[in-house]
Each structure stands twice: as C-alpha cells, then as structure tokens.
Amino acid sequence: MLPMKLPLRAAPFLLAFVLAVQGAFGQSPETVATLKQTVEKAFPTLRAPGLSVAVAAKQEILWTDGFGFADLENKKPASSKTIYRYASISKPIAATAVMQLVEQGKISLDVPIQRYDPSFPLKPEGEITLRHLMTHTSGIRHYRGLEMLSNRRYETVEAALGIFQADPLEFKPGTKYQYSSYGNNILAAVVEKASGKSFRDYLNEKIFNHAGMTSSDLEFLEEPIEQRTRQYVLVGDDFKLAPKVDLSCKWAGGGMAGTAEDLTRFCIALQQEKLLPGKTAARMYEAGVLADGSRLEYGLGWRLSKDKRQRVWVGHSGGATGGTTFFLHNPQERVAVALLTNAQGVKGLDELAMRLAELIAPAD
C-alpha cells in the first residue's frame, strides 16, 4: 500500500504540530528525569556536602531538588528549600534595583556618583559613574588580605564604604576591567539615597516581593532561619565548618541569601517584566565598553557568555566563605538554571549549569 500523500495546504499545519510537540517535550517528564540523572552523575565530582538546583523554562519552575547534606553534623539533607549564600549572584539583583531607579528617572548611569552620594570622596584618577561600578571598570579595589573573612558588623551601608573609600583607584575609571565587590557597596548607598529606603527594605519591597522570592534576604546570622545551610571548607579529604563571617561589609556585592528556586523566580520576573520593562532589562545584558572601544564579557551587573550557537547567556558565579554558586539565564529562550552549594571553591558548576540549560534549549 502506497503511503498517503498530504495535500500541500496541510504541510504548514503538520509543521506547526511537530514544533508544538518538540516544544512540549522540552518540559516533559522524560526531560525532568534526564535533568535529575545529569545532576546525580555530576554531584560526586563537585566535592560539596550539599547542592540545590532549580531549572525554569517558559516562565515556570520546571524542576528543583536537593542533593547531599545541608548539615553534615546532623545529617540534614539538602532540599529545594535549603537557603544558601548567594555570594556574587547578589550583584545582578543589586543591578536590577539600580535600573529600577534609572527607569524612574531618579538616577543616571553616566554622571559622577557624588551627585547621589556626596560622602564618597572625589578621586584624582578620574570621575566614577554608576556604569563604571556596574561593569567593574571603576578602579575601586577588590578584597585585600583576610578581608573576605571579616566578622565585623557594619550597621549601615555608608559605614561599609569606609573599608575602601580612602584608597586610591587602581586605574583611571573606564580604561580597564577589574572585578570589585566593594564597588557594589556604593550601588547600595545610591539605592538608599535615591529611594529613601534602607537597602534591605528596598530589596524586599521592590525585588523579592514582586518576584515571589519568599526565601531571599540579606544574611543576618543572628536571625534564626530553619532552612539555612551550614557552610563548609574542604581541608584535605574532610569538610570542616567555615569560619563565621559577617556579610554587612558587602551587602550588594555578596551579602544576599536564599534558595535556588528563588533565583529562577527572579529570572522569570524579569522575563515577565514584573521588575523592569523589557527594554530596560535588555540594557543590563549589553556588553560594557572600555574607553578604547574594546568590549567586555560583562554587562551591567551580569556576566555574559556564548554557547555553540553563539546565543548569549547572562548570569553570574559566586564564591563565598563556605559557599559556591552559579546561575544562567537566557531571556530569549526563557530558560534559567541555578546551582547553589555549601562549600568553598567548588569547581564545575558552570559546566553543569550549561549542560542542564542545553537539555531545555539545545545548542544543536
């Protein structure tokens, strides 16, 4: 029997059906099972006590789970509800807060920061703008010595500026890229001055609540949180509890905490324009440009990378005392992946995140 021939006018409908099936398969139970198997296979190689993962697709949480232990001493498993230090993933969140105020016309990216925070001293090396701070081209230094282990409580954002504000810049602003978590302290100060709210209140009202990030906040260790993980460092072949640190020295640059699921909700909220208009969010994902015209692999608070299809992915990595984090976001493909661990110096999260992302949005 000869195969039935479809009329030509049926071909577009058949193609649409095939594409719909392919799109649905991207979020099928089989895909979720593959995501889980991929993480289960990779988890032992990460050498972390615990890992929590969340994957979002098409503006929905597709899968979230935990592996290993959030608390080794009490054998408490890591789960989708485990709260970790976001570390430098705090930076894209702080950048979004800044861009909300830019959108409202309360601040500008390209005027000297002293217009919004007169307490920060002028520097002979040149004028610093918010754009310089957000692209790590300001010349403000990063940590020195044991500063990352600081256990001092800074009662205000302004007080934390005292760590570095008297130091000379490393170079003329705009001429070089040099990563600086401290530069984000000034962003927090500007958010406070422009909004009239504390940085914590602003994040809770304008970012976390709007995005449904119910577990996210600045980290205050004295506040009891049942789901908070314990932090570890690998010493030889054994995990030891990490030293106690106070993140008030860098709220905007690395002081936030929450779940992996919340980070994917953050990306979904950006896709749905709950936090920013799409055109304003897109400005954050544009590569920064130095004075000599060379382009950076960093936008306004977001790292930029490309896959095999040259698609641009945005996101951030994070390294904290007792934690390593990574997340990816593709606004066009509407995919987000977040990986949070409770050990310092974990390797391979970036590769694992991309493998998971490409299971949802294949590179081929």
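How many residues lie between β1 and β2 in their hairpin, and which residue in the turn has a positive phi? I counted 2 residues between the strands. The residue in the turn is lysine 58, with a positive phi of about 55°. I note here that the model is predicted.

**Entry: the seven-stranded sheet**

I traced the strand order next. The sheet is open and holds 7 strands, in the order β3-β2-β1-β12-β11-β10-β9. Its pairing is antiparallel. At the edges I found β3 and β9. Each has a single partner strand, so one side of each has no neighbour in the sheet.

I then looked at the pairs at the β3 end. β1 covers residues 50–57 and β2 covers residues 60–71. They run antiparallel and are joined by 8 bridges. Across this pair, leucine 51 stands opposite phenylalanine 67 of β2.

β2 also pairs with β3, residues 76–77. That pairing is antiparallel too, over 2 bridges. Here phenylalanine 69 has proline 77 in β3 as its bridge partner. The β2 and β3 hairpin leaves 4 residues between the strands. Lysine 75 in that hairpin takes a positive phi near 50°.

I checked the β5 side. β5 and β8 (residues 256–258) run antiparallel, joined by 2 bridges. Leucine 218 has methionine 256 in β8 as its bridge partner.

β6 spans residues 232–235 and β7 spans residues 238–241. The two run antiparallel, with 4 bridges between them. Leucine 234 faces phenylalanine 239 of β7. The hairpin has 2 residues between its strands, and glycine 236 takes a positive phi near 65°.

**Entry: helix α3**

Does α3 sit mostly covered or mostly open? What I found is that 13 of its 14 residues are buried.

I tested its length. α3 runs over residues 90–103. At 1.5 Å a residue, its 14 residues should span 20 Å, and the end C-alpha atoms are 20 Å apart, so the two agree. Glycine 105 follows the helix and has a positive phi, near 80°.

Then I looked at its packing. α3 packs with α9 (residues 260–271) at an angle of about 30°, and the axes are 12 Å apart. Angles under 35 degrees count as roughly parallel, and α3 and α9 are therefore roughly parallel to each other. The crossing of α3 past α9 is left-handed.

Most residues other than glycine have a negative phi.

Where does alanine 87 sit? Its place is in the loop between β4 and α3. Alanine 87 has a relative accessible area of 2%, so I count it as buried.

Glutamine 310 is in the loop between β9 (303–306) and β10 (312–320). Is glutamine 310 buried or exposed? Its relative accessible area is 52%, so it counts as exposed.

**Entry: cysteines**

How many disulfides does the count give? A disulfide is a covalent bond between the sulfur atoms of two cysteines. With sulfur atoms required to lie within 2.5 Å, the count comes to 0 disulfides.

The cut-off for buried is under 20% relative accessible area. Cysteine 249 is at 3% relative accessibility, so it counts as buried. Cysteine 267 is buried as well, with a relative accessible area of 0%.

Technical notes. Residues numbered from 1 in each chain as written. Predicted model: local features only at pLDDT ≥ 70, side-chain atom pairs only at ≥ 80, totals over all residues. Heavy atoms only, no water. Buried < 20%, exposed > 50% of the residue type's maximum accessible area, 1.4 Å probe, protein only. Pairing = 2+ DSSP bridges. Expected span 1.5 Å × (residues − 1). Axes fitted to C-alpha atoms, helices over the stretch in contact; angles between N-to-C directions. Parallel < 35°, antiparallel > 145°, perpendicular 65-115°, else oblique. Left-handed = near helix turned anticlockwise from the far one by under 90°.
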